[in-house]
Amino acid sequence: MVAKKGGSKAEDAVEDLARVPLQAILLADSFTTKFRPITLECPKALHEHKDRRRKDNNAVMTMVIKQSKPSQVTRQTRLGTDELIMAIDPGTKQLLYYEDKADDLKGTVTLDKAFLAENPSISLQNDKQDCYIDICTPEVLSLFTDNFDYQHLRRHFVKGLLLDDIMGYKIFTHEIHSSYAARIDNFRSYDSISKDIIQRWTYPLVPDVQFSINSAARLERHGIYRASDIAQSRSAQVGPFTYIGKGSTIGNNTVISNSVVGDGCKIGSNVSVDGCYIWHNVTIEDGCKLRHSILCDGVIMKSGAILEPGVVLSFKVVVGQEFVVPAYSKVSLLPQPVKQDSDEELEYADSNSGIISTTNTLENGDSTNDLSEIQYSASSDIGNGGRGFIWSISEIAREEDWRHSVAPIPAQKLIELTQAVYDDLEFPDQDDPLLPLADERESATESEDDTRDESQYFEREVEATFLRAVHENVKEDHIILEVNSLRLSHNMALENCASALFYSMMKLALDTPHHSATDLVKNTNDVISRWGKLLKPYLQGIDDEIEVILKFEEMCLESGKEYAPLFVQVLHLLYDKDIIQEEAILNWANEKEDADESDKVFVKQSEKFIQWLNEASEEED
Amino acid sequence: MLDTHALVHDFLNKLKRRKIEGSKGTAKLTAELLRTVISQQRIPNTNQAGALVDAIKAIGEQLVAANPVELAVGNVVRRVLHIIREEDLSLMTSAIGGPSLSVISDDENDVDRDDYPVLSAAAVAASARNALRAPSLQTLLEDMSHSAAVHHSSSSVDDSEEKTKSTDKNSRSRKLKHNVIETVNELIQDIAACHEQIAEQAVEHIHHNEIILTLGSSRTVIEFLCAAKEKKRSFRVFVAEGAPRYEGHILAKELIGRGLQTTVITDSAVFAMISRVNMVIVGAHAVMANGGVIAPVGLNMVALAAQRHAVPFVVLAGIHKLCPLYPHKPEVLLNELRAPSELLDFGEFSNCMDSSTGTGFPLLHVANPAFDYVPPKLVSLFITDNGGHNPSYMYRLIADYYSADDLVLQRKPAS
């Protein structure tokens with residue numbers, strides 16, 4: 001029932017990390033280690049879903065959401081995710097709009113006008129947190145098989161479903177209030193959610209309740225969880241909100257605070273551990289210093305090694321003596337793959353997770369053993385006697401390091417972030433608060449683009465009709481009828497028809513075999529005299545005629561350069577055949593007076609003709 | 001066997017997820033589960049009681065580990081163990097003559113066995129010793145090993161003998177099982193009826209025109225007050241709302257429904273109101289062996305206020321809440337810290353729970369303990385199914401209901 005599809009490879013790698021057992025991280029534990037599904041304890045949501053389903057066959061999905069503080073900074077700093085904007089029908093709780101990349105919009109949302117018209121009431125919410133718990137009907141699975149290009153559950157599937165109203169599938173939301181739900185998809189949220197678990201927001205999923213086979217820990221004052229068989233030195237200090245796993249030993253004068261220590265870890269003397277997640281069977285020798293890091297199973301830290309904030313050590317990495325691992329490093333036993341196909345890179349940049357994409361790097365520490373033995377000797381990446389490779393990270397990710405790491409966000413970044421948010425907040429105040437400028441502009445350009453495409457298409461259609469008429473010798477009336485129906489179906493004005501038809505004629509003349517300019521003029525003359533009548537019904541006024549001249553001008557510049565020297569002759573021809581009146585020509589010349597020099601080429605060319613026209617009209621007067 | 005496993009597993013899961021709450025419901029479900037286990041349990045020919053005890057202990061250990069804070073589970077397990085031991089003992093004592101009689105009748109057939117009379121004599125002696133001695137646990141255990149030895153050797157000795165013996169044993173084992181199940185049924189009824197038993201005594205404690213104060217909500221307290229009301233006592237009740245679960249509101253609704261004059265006050269107003277109160281009547285989560293009480297949070301404060309103004313502090317507790325253990329660091333070890341979401345809305349406070357800013361851990365901590373420990377000196381009286389008792393008398397009650405062997409349910413580790 002739960003439709004979870006692996007996203008990019010980079011995401012998989014993060015999930016692999018989260019999949020490893022860690023007693024304190026019970027969610028991660030029971031959720032992922034053995035792939036035992038958690039029975040969803042959301043009976044209310046489930047009932048709602050079933051009820052809706054009974055009434056409406058198209059209600060395929062119920063999405064669980066939770067309220068959170070409507071501040072951009074909090075969301076980013078707590079879970080490392082972008083701001084989320086949803087539009088929900090307040091009555092039916094139907095999800096109408098979903099935008100999880102709202103950061104890029106700088107606080108503005110683009111809503112379709114039709115969207116607003118269709119839904120009488122919409123509540124736009126930016127204070128909701130997506131728990132990534134979806135209750136789905138079997139149709140969803142078949143949707144996934146049909147659309148195998150769905151890569152991202154939210155970005156592709158949900159949005160696709162919302163936009164595509166052919167099937168009429170609907171998504172509903174269920175808000176949970178006192179319960180807790182969240183998703184870990186990067187180290188930042190791993191840290192936040194682990195701390196929430198230790199602070200018991202997930203009760204009764206807390207470390208002192210025996211859930212899996214692991215023995216339960218005892219909760220002591222100040223939120224210290226202690227499992228059984230711990231050997232702790234008298235002089236060691238275990239600070240608040242710490243979990244110590246079964247059978248771990250802690251040496252003299254060691255200080256541990258706000259950390260999770262897994263089963264069977266050996267921590268030496270004079271070690272300081274702050275805000276770290278140490279998984280099972282990790283050995284930390286004397287005098288090490290660890291701050292805000294993640295150490296996977298079987299990691300060994302030789303004496304005096306130092307981890308700066310944000311470091312992630314993969315399975316069985318060995319950090320050499322007195323080596324300082326720089327901040328935000330990711331260290332693995334496997335060397336970083338040199339070649340990455342571009343597709344993967346794209347995905348990676350898209351997913352923004354702080355880990356390099358590779359195939360099954362961290363999946364199984366044991367299987368990599370034989371392979372890695374050979375390579376260790378070569379790698380001194382990680383200090384004297386160390387084993388492992390520091391993975392370099394692409395530039396884009398480097399900037400994002402702080403956002404997705406377990407380490408606290410540096411104060412400076414935090415200020416920048418807050419500043420950015422305030423800047424964003426000011427933005428809508430300056431403009432119309434309801435309809436921000438950005439989206440108007442966007443829609444305007446869009447419509448322009450649309451009409452351009454439309455008219456080109458229309459021109460092609462008209463030309464095809466005309467040519468067919470020429471070859472099959474269709475009556476003029478019939479052509480006019482056909483062009484008229486084309487005009488209606490494409491929603492075009494009369495002048496468009498005129499220019500399109502005219503263009504077709506000139507094209508015909510141009511395409512008829514000719515040897516010299518005089519031949520071309522003769523061809524044109526033939527075509528115009530044969531088909532000129534067609535233009536009549538579309539040339540209702542001066543403006544339409546000017547349009548035709550402009551079209552011709554455009555043609556001379558673009559598709560029919562052969563006409564360029566003959567411009568005056570053709571113009572004269574049109575005048576003679578009563579297709580274009582002298583007023584139109586004069587108006588056109590007047591309009592062009594203020595134009596650029598390049599635009600005036602044809603006006604200058606026909607200067608004499610215009611002059612002659614002027615004199616003629618004066619004479620008439 | 002399979003379905004008992006499934007049942008036990010199911011119950012364990014419910015306990016772990018804190019799906020079952022309230023000591024009475026838990027106690028009843030535990031007793032029913034154990035009854036099923038006993039009836040499904042295959043009993044070997046020898047040492048029947050021992051096998052049953054082991055089986056129940058094994059399950060009891062898991063149940064207690066599933067929710068160590070719900071003491072009623074452990075209490076019921078110990079009660080059932082006690083019942084098994086008692087029933088076995090009574091069967092033993094009633095069957096003293098049995099073996100010797102059968103030996104005499106069998107003797108005619110098997111005269112050529114030299115060793116047999118010696119053994120049977122030993123058996124007779126053992127049972128005679130039993131009959132002479134007062135029934136205590138030690139003798140019970142001793143006896144069990146003896147009789148086991150007897151049965152074992154005799155069965156290896158003779159086939160025809162075995163036949164008669166085994167039928168005899170079968171009937172005995174069936175009898176033991178039957179008796180145990182009967183008594184467990186009685187226990188279940190007792191648990192179900194504890195409210196009425198306690199409520200019957202209401203008129204003896206609540207007098208005319210008195211003001212009673214209570215905190216939170218307890219089924220026992222509701223029944224107790226209503227029983228007094230039905231007996232035409234007119235009195236008033238102050239209900240402290242019992243933050244953060246505010247069960248006092250539910251209690252107030254219920255009392256008003258029964259026509260009682262009720263005043264709701266905040267928990268913090270208890271001290272101000274206590275001088276007008278004649279008696280404090282509260283429910284309990286568990287009563288420890290020293291007479292101390294594990295009670296819903298806030299009650300220690302009420303007890304202190306009552307002591308300050310010399311107001312009697314009366315605790316109502318069904319007998320299944322009686323725990324044979326002594327509290328050690330009860331504020332921490334016998335407490336449960338519940339979800340902070342009962343106090344604060346996570347959505348509103350999610351920015352305070354931010355671990356990524358500043359020092360790397362959230363500055364906001366929320367503690368939501370479920371229970372208070374009220375020391376025995378603050379309790380004036382316990383009212384249980386079988387009458388009122390002083391805190392100092394609790395250990396005697398416990399000796400009646402539990403056998404000293406079962407106090408520790410954890411089996412020794414395999415090593």
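# Exercises on a predicted two-chain model

In this predicted model, A:D191 and A:K195 are joined by a salt bridge whose closest N and O atoms lie 3.0 Å apart.

## Exercise 1: A salt bridge within a helix

Explain why A:D191 and A:K195 are separated by about one helical turn.

Solution. Begin with the rule for a salt bridge, which asks for a side-chain nitrogen of Lys or Arg within 4 Å of a carboxyl oxygen of Asp or Glu; the closest N and O atoms of A:D191 and A:K195 are 3.0 Å apart, and the pair forms a salt bridge.

## Exercise 2: Two helices of chain B

Describe how α2(B) and α4(B) cross, and state which residues meet.

Solution. Two packed helices are described by the angle between their axes and the distance between the axes. For helix α2 (residues 23-40) and helix α4 (residues 71-94) of chain B, the axes come within 8 Å and cross at roughly 35 degrees, and the crossing of α2(B) past α4(B) is right-handed. On the side of α2(B), the residues in contact are B:S23, B:T26, B:A27, B:T30, B:A31, B:L34 and B:I38, and they meet B:A72, B:V73, B:V76, B:V77 and B:V80 of α4(B). Sorted by class, this contact has nine nonpolar, three polar and no charged residues.

## Exercise 3: Two helices of chain A

Carry out the description for α17(A) and α19(A), ending with the classes of the residues in their contact.

Solution. The axes of helix α17 (residues 542-557) and helix α19 (residues 582-592) of chain A come within 9 Å and cross at roughly 60 degrees, in a right-handed crossing. Among the residues making the contact are A:I546 and A:L550 of α17(A), together with A:I585 and A:W588 of α19(A). Its residues divide into seven nonpolar, one polar and five charged.

## Exercise 4: Confidence in chain A

Find which stretches of chain A have a pLDDT below 50.

Solution. Chain A has a mean pLDDT of 72, with 74% of its residues reaching 70 or more. Over residues 340-379 of chain A the pLDDT is below 50, although this stretch has 70 contacts beyond near neighbours in sequence. Residues 426-448 of chain A also have a pLDDT below 50, with nine such contacts. Where pLDDT is low, the predicted coordinates should not be read in detail.

Technical notes:
Residues numbered from 1 in each chain as written. Chains lettered and ligands numbered in written order. Predicted model: local features only at pLDDT ≥ 70, side-chain atom pairs only at ≥ 80, totals over all residues. Heavy atoms only, no water. Axes fitted to C-alpha atoms, helices over the stretch in contact; angles between N-to-C directions. Helix = DSSP H or I, 4+ residues; strand = E, 2+ residues; numbered from the N terminus. Left-handed = near helix turned anticlockwise from the far one by under 90°. Contact = heavy atoms within 4.5 Å. Nonpolar A, V, L, I, M, F, W, Y, C, P; charged D, E, K, R; others polar. pLDDT = per-residue confidence, 0-100.
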